[in-house]
Amino acid sequence: MGNLSIFAMQAFNGLSTFCVLLLMALGLAIIFGQMGVINMAHGEFLTIGAYTTYLLSQFSERFAPWLLNSYFLVAIVVAFLLAGALGLLVEHFMIRYLYKRPLDTLLATWGLSLIMQQVFRSVFGAREVSATLPNWLMGSVKPTANIDIPINGLLLIGLTVILTGIVFFGLLYTRLGVQVRATMQNRAMAGAAGINTNRVDRLTFAFGCGLAGIAGAAFTTIGSTGPTSGSLYIVDTFLVVVFGGAQSLLGTIASAFSIAQMQATTEFFMTGSMAKVLTLSAVILILMLRPQGLFALKVRS
Amino acid sequence: MSNSAKPSLVRRLAATAWSTQKSRENLSFLVLAVVLLAIFPIFLDVFRLNLIGKYLTYAFVAVGLVLCWGYGGILSLGQGVFFGLGGYCMAMFLKLEASDPASTSIQSTPGIPDFMDWNQITALPALWVPFRSFPLTLIAVVVVPGGLAYLLATAMFKRRVGGVYFAIITQAVAAILSILIIGRQGYTGGVNGITDLKTLLGWDIRSDGAKVILYYVNAVLLLGGVALGLSLLRSKLGRILVALRDKEQRVLFTGYDVATIKRAVFVLAAVYAAVGGAMFTLQVGFMSPSFVGIVPSIEMVIGAAIGGRSSLFGAIYGSLLMNFGKSYFSEAFPELWLFVIGAMFIGVVMLFPDGLAGIDLPRLFRSVKRLFSRSTKPTAGAGIGVPPEAASAPTGGVP
């Protein structure tokens with residue numbers, strides 16, 4: 001019985017890590033996987049979402065107690081809109097000049113991320129802050145006496161499932177989604193077919209940033225937020241996307257799952273940092289054997 | 001009126017020296033040598049000279065990056081790994097020399113580095129044993145980072161992984177190595193790094209005299225590195241590199257072994273970085289994981305980019321400028337530094353892809369004049385002076 005509950009808790013830990021990775025990777029999978037733009041500031045868009053949630057929780061605590069129970073849902077929407085709007089601006093003033101120079105987007109967006117981090121630090125201070133969780137998010141579910149499943153973890157999982165579903169449905173069935181895929185697969189032909197590819201680029205980038213904002217809002221339920229919170233995840237997230245096969249959403253999900261489970265399992269046997277070293281090394285080794293990632297559409301050049 | 005012939009002679013000489021790419025490079029090399037070997041040592045005191053020496057160790061990395069990124073099109077975000085490995089190899093030797101049984105007699109195990117003793121390690125780990133020997137250490141400084149670069153490059157380039165993917169994977173390697181160093185405290189000194197380095201073969205490296213000598217060793221090594229880079233770029237290999245950066249497929253189809261060439265230049269860049277790292281340890285007296293991870297690696301890239309990614313000379317001045325700016329701002333306006341460096345990243349990528357070396361001064365002057373005659377809008381970064389010797393770079397497109 002004891003072993004079983006350890007196993008269940010361990011699996012749940014892995015599941016939470018999976019959700020964190022997947023939420024971050026979703027936006028990146030769209031921006032990097034579909035557009036080929038390396039957005040190193042992706043983590044900072046996530047931080048924007050997290051700070052938005054924090055601000056809303058402070059606001060409702062002071063001025064609108066009636067909002068306390070539901071501010072989180074508002075925060076998700078506001079985080080999406082804010083991060084998305086900023087994404088639009090960044091695309092307009094920076095990214096669109098760099099589509100033909102992917103390595104340069106990497107440097108430019110890294111610069112952007114440094115500036116954003118300093119802005120966060122100047123505005124919110126270097127200390128980490130955390131949003132006040134509504135009561136219904138506290139506590140845990142106990143299916144048996146030995147297993148404790150925290151509710152905020154369940155919320156994270158639920159949110160991940162819903163968002164992934166939306167992204168999948170959106171890319172496969174909506175008009176914009178089809179346009180996005182067409183543009184990414186063959187820009188010239190998509191343009192010839194009457195798709196405004198500049199508009200598609202803009203919206204895709206903004207949507208990816210908005211997703212990062214939502215991920216940030218979700219993160220506030222499981223951890224605190226600091227100016228550099230987002231940048232801690234950026235390398236892992238890129239590895240998730242590359243490992244999964246850059247152009248495949250299904251691959252992103254599979255790779256987030258395997259990396260998270262690998263991390264959670266090894267963490268059980270050794271220290272966190274060694275577990276991370278082992279996981280990252282394993283990912284790199286597998287990538288050396290299979291450079292196209294887990295699920296590949298075609299061999300990249 | 002008597003010296004009316006003089007300017008024309010000077011002008012004629014200058015025109016000759018500036019006439020061809022090759023003579024421009026030779027002149028730039030001469031200017032660099034004079035600046036490094038004469039001007040800095042004459043006008044700066046030992047403290048500042050040591051500081052410049054420290055910045056110049058980053059210039060090694062930048063020169064390597066010009067070769068592999070500017071000319072080869074291979075962006076590595078993991079140069080800190082090689083810089084750090086070179087530096088750690090040197091630091092391990094110096095640390096063992098500093099921890100002789102006599103001076104560590106208060107430890108529970110005398111004769112091993114102090115941080116090992118603090119971490120309850122009772123015997124020197126096998127990893128450290130080769131670093132008792134100076135020749136082996138010198139070999140390790142080159143072979144360990146070079147070997148890692150060789151392995152990485154073989155695995156990646158032979159499978160035709162390049163560009164963005166290579167950059168991300170090198171970045172992950174940087175993350176792994178810094179986590180590993182911080183995590184294995186007993187073997188590496190952890191987050192503090194390897195400190196309290198005192199002597200090199202009995203010679204006190206902390207004295208003023210030693211600092212000046214080390215500066216000269218560093219400068220001469222750097223000049224040698226630049227000379228090697230120049231001759232490499234003038235050779236056939238240099239032309240293939242440029243071709244490879246611009247149209248890899250065509251070079252491949254012409255029958256060249258692209259993967260081997262890319263591997264060679266990547267390993268060379270790693271060795272440059274490693275030599276810089278070893279010189280860093282010698283001049284600064286310690287090595288820590290803060291020079292290994294993702295952030296320092298990217299700063300090295302931006303140093304090269306600011307100076308000019310396709311100019312060996314520009315990259316050196318760029319690294320100097322960038323590191324000088326870093327220490328100046330982080331002392332005077334710590335909260336501004338991230339804004340400045342962030343803006344430099346964006347500015348150099350969007351406005352000056354070829355960095356300082358790529359600024360065409362006369363054209364810039366004309367466009368500024370045009371801008372001012374139209375409106376009074378200020379121009380970003382237009383005031384940056386470019387050293388004339390940095391303007392010798394062939395302007396290369398970005399892959």
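Leaving aside its neighbours within four places in sequence, with which residues is B:Met300 in contact? The legends below describe close-up views of a predicted model, beginning with the surroundings of this residue.

Figure 1. Beyond its neighbours within four places in sequence, B:Met300 is in contact with B:Tyr58, B:Val61, B:Ala62, B:Leu65, B:Gln79 and B:Gly80. The C-alpha atoms of B:Met300 and B:Gln79 are 7.4 Å apart, although 221 residues separate the two in sequence. B:Met300 counts as buried because 30 other C-beta atoms lie within 10 Å, the threshold for that class being 20 or more.

**Figure 2. Packing of helix H3 (residues 46-71) against helix H9 (residues 208-234) in chain B.** The two axes are 9 Å apart and form an angle of about 20 degrees. H3(B) is therefore roughly parallel to H9(B), since angles under 35 degrees fall in that category. The crossing of H3(B) past H9(B) is left-handed. By class, 16 nonpolar, 6 polar and 2 charged residues form the contact of H3(B) with H9(B).

**Figure 3. Packing of H3(B) against helix H14 (residues 312-332) of chain B.** Here the angle is about 140 degrees, and the axes are 8 Å apart. H3(B) and H14(B) are therefore oblique to each other, and their crossing is right-handed. On the H3(B) side, the contact involves B:Tyr55, B:Tyr58, B:Ala59, B:Ala62, B:Val63, B:Leu65 and B:Val66. These residues meet B:Leu312, B:Ala315, B:Ile316, B:Gly318, B:Ser319, B:Leu320, B:Asn323 and B:Phe324 of H14(B). The contact of H3(B) with H14(B) comprises 12 nonpolar and 3 polar residues, with no charged residues. B:Tyr58, B:Ala62 and B:Leu65 take part in this contact and are also among the residues in contact with B:Met300.

**Figure 4. The side of chain B that touches chain A.** In this interface, 38 residues of chain B are in contact with 34 residues of chain A. Four helices of chain B each supply at least two residues to this side: H6 (134-157), H7 (163-183), H13 (294-307) and H15 (334-350). H7(B) gives the most, with 15 residues. The class composition of the side of chain B that touches chain A is 31 nonpolar, 4 polar and 3 charged residues.

**Figure 5. A:Phe238 in helix H9 (residues 234-244) of chain A.** Leaving aside its neighbours within four places in sequence, A:Phe238 is in contact with A:Leu28 and with B:Ile168. A:Phe238 is classed as buried because it has 27 C-beta neighbours inside 10 Å. The C-alpha atoms of A:Phe238 and A:Arg127 are separated by 27 Å, and the two residues are 111 places apart along the chain.

**Figure 6. Crossing of helix H6 (residues 175-185) and H8(A) in chain A.** The axes of the two helices come within 10 Å and cross at roughly 110 degrees. H6(A) is therefore roughly perpendicular to H8(A). H6(A) contributes A:Leu176, A:Gln179, A:Val180 and A:Thr183 to the contact, whereas H8(A) contributes A:Thr197, A:Val200, A:Leu203 and A:Thr204. By class, the contact has 4 nonpolar and 4 polar residues, and no charged residues. H8(A) comprises residues 197-219 and reaches 33 Å from its first C-alpha to its last, close to the 33 Å expected for its 23 residues at 1.5 Å a residue. H8(A) is mostly covered, with 18 of its 23 residues buried.

**Figure 7. Helix H5 (residues 151-173) of chain A.** This helix has 23 residues and reaches 32 Å from its first C-alpha to its last, close to the 33 Å expected at 1.5 Å a residue. A:Leu156, A:Thr160, A:Leu163 and A:Val167 in H5(A) are buried. In an α-helix there are 3.6 residues a turn, so residues three or four places apart point the same way.

**Figure 8. B:Asp196 in the loop between helix H8 (185-188) and strand E1 (199-200) of chain B.** B:Asp196 has a positive phi of about 60 degrees although it is not a glycine. Most residues other than glycine have a negative phi. B:Asp196 counts as partly exposed because it has 15 C-beta neighbours inside 10 Å.

Note on methods:
Residues are numbered from 1 along each chain as its sequence is written. Chains are lettered from A and ligands numbered from 1 in the order in which they are written. This is a predicted model: local features need pLDDT of at least 70, side-chain atom pairs count only at pLDDT 80 or more; totals for chains, interfaces and linings use all residues. Two residues are in contact if their C-beta atoms, placed from the backbone, lie within 7 Å. Ala, Val, Leu, Ile, Met, Phe, Trp, Tyr, Cys and Pro count as nonpolar, Asp, Glu, Lys and Arg as charged, and the others, Gly among them, as polar. The expected span of a helix is 1.5 Å times one less than its number of residues. A residue is buried if 20 or more other C-beta atoms lie within 10 Å of its own, exposed if 12 or fewer, and partly exposed in between; C-beta atoms are placed from the backbone. Axes are lines fitted to C-alpha atoms, for helices over the stretch in contact, and angles run from 0 to 180 degrees between N-to-C directions. Angles under 35 degrees count as roughly parallel, over 145 as roughly antiparallel, 65 to 115 as roughly perpendicular and the rest as oblique. A crossing is left-handed if the near helix is turned anticlockwise from the far one by less than a right angle, and right-handed if clockwise.
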